[in-house]
Amino acid sequence: MKFSDPEIALLREIQRDSAASLADIASRVGMAQSTVWRKLQEFEKAGLIRARVALLDPAKAGAKLCVFAQVTLDSHAEEAVAGFARMVASHPEIMECHAVSGSADYIVKIRVADVEAYEAFMTAHLLRNPHVRGVVSSFSLRQLKHTTALPL
């Protein structure tokens, strides 16, 4: 999609704070409130805006530990991929899952309370999944940057 400069400003602003009132957003981006409302409706209808959410502090929400697990499947057959995808979708601890190139098939971002919780999750769900051949885990020691805003 191509965006005008005012549309880019609007998209940046709602990525920064989607809970702001229409009047506040309109004031910050130099648009009429009715134009902001109409543009947001257009962006939602087009699927550009997928959801408006609140971002929680992981530590305060009880999910302080961030783990990046490199997962290798035993096969790339349709059933193996679909079975792994079903497992990923069914666990809220799994924040993201990406099919990747390289030595692993997937990189999975997992949030849990602590190392013990991760060990329990990995043992009960990742390693017991019949389609998973192996898991290599890396623990985040410190987060240097985190954003949900796309570069526009």
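**From the core to the pocket**

Start at I110: beyond its neighbours within four places in sequence, I110 is in contact with L65, C66, V67, A69, E93, I94, Y118, F121 and L126, where contact means heavy atoms within 4.5 Å. Keep in mind that this is a predicted model, in which local features need pLDDT of at least 70 and side-chain atom pairs count only at pLDDT 80 or more, while totals for chains, interfaces and linings use all residues. Residues are numbered from 1 along each chain as its sequence is written, and side-chain values use heavy atoms, leaving out hydrogens and water.

I110 belongs to the largest nonpolar core, which has 19 residues; V71, F84, I110, Y118 and L126 have the most contacts inside it. A nonpolar core here is a set of buried Ala, Val, Leu, Ile, Met, Phe, Trp, Tyr and Cys residues joined through side-chain atoms within 4.5 Å; buried means under 20% relative accessible area, exposed over 50%, and partly exposed in between (1.4 Å probe, protein chains only). At least two residues of this core come from each of β1 (65–73), α4 (78–89), β3 (106–112), α5 (115–126) and β4 (132–139). The largest share, 5 residues, is supplied by β1. Helices (H or I, at least four residues) and strands (E, at least two) are DSSP runs, numbered from the N terminus. Another core, of 12 residues, lies apart from this one, and A20, M31, V36 and F43 are among its members.

Now turn to α4, where A80, G83, F84, M87 and V88 are buried. Seen down the helix axis, these buried residues fall within an arc of 140°, so they line one face of α4; the arc is that of the directions from the helix axis to the C-beta atoms. They pack against β1, β2 (94–99), β3, α5 and β4. On the other side of α4, E78 and A89 are exposed.

What about α5: which of its residues are buried? They are Y118, F121, M122 and L126. Their arc around the axis is only 95°, which puts them on the same side of α5. Their cover includes β1, α4, β2, β3 and β4, whereas the exposed E116 and E119 sit on the face turned away from the buried side of α5.

Finally, look for the largest pocket. Its lining has 40 residues, of which V53, L55, H146, T147 and T148 lie nearest its centre. A pocket, on a 1 Å grid over the protein atoms alone, is an open set of points where a 1.4 Å probe fits, with protein on both sides within 12 Å along at least five of seven lines; lining residues have an atom within 4 Å of a point. The largest share of this lining, 4 residues, comes from α1.
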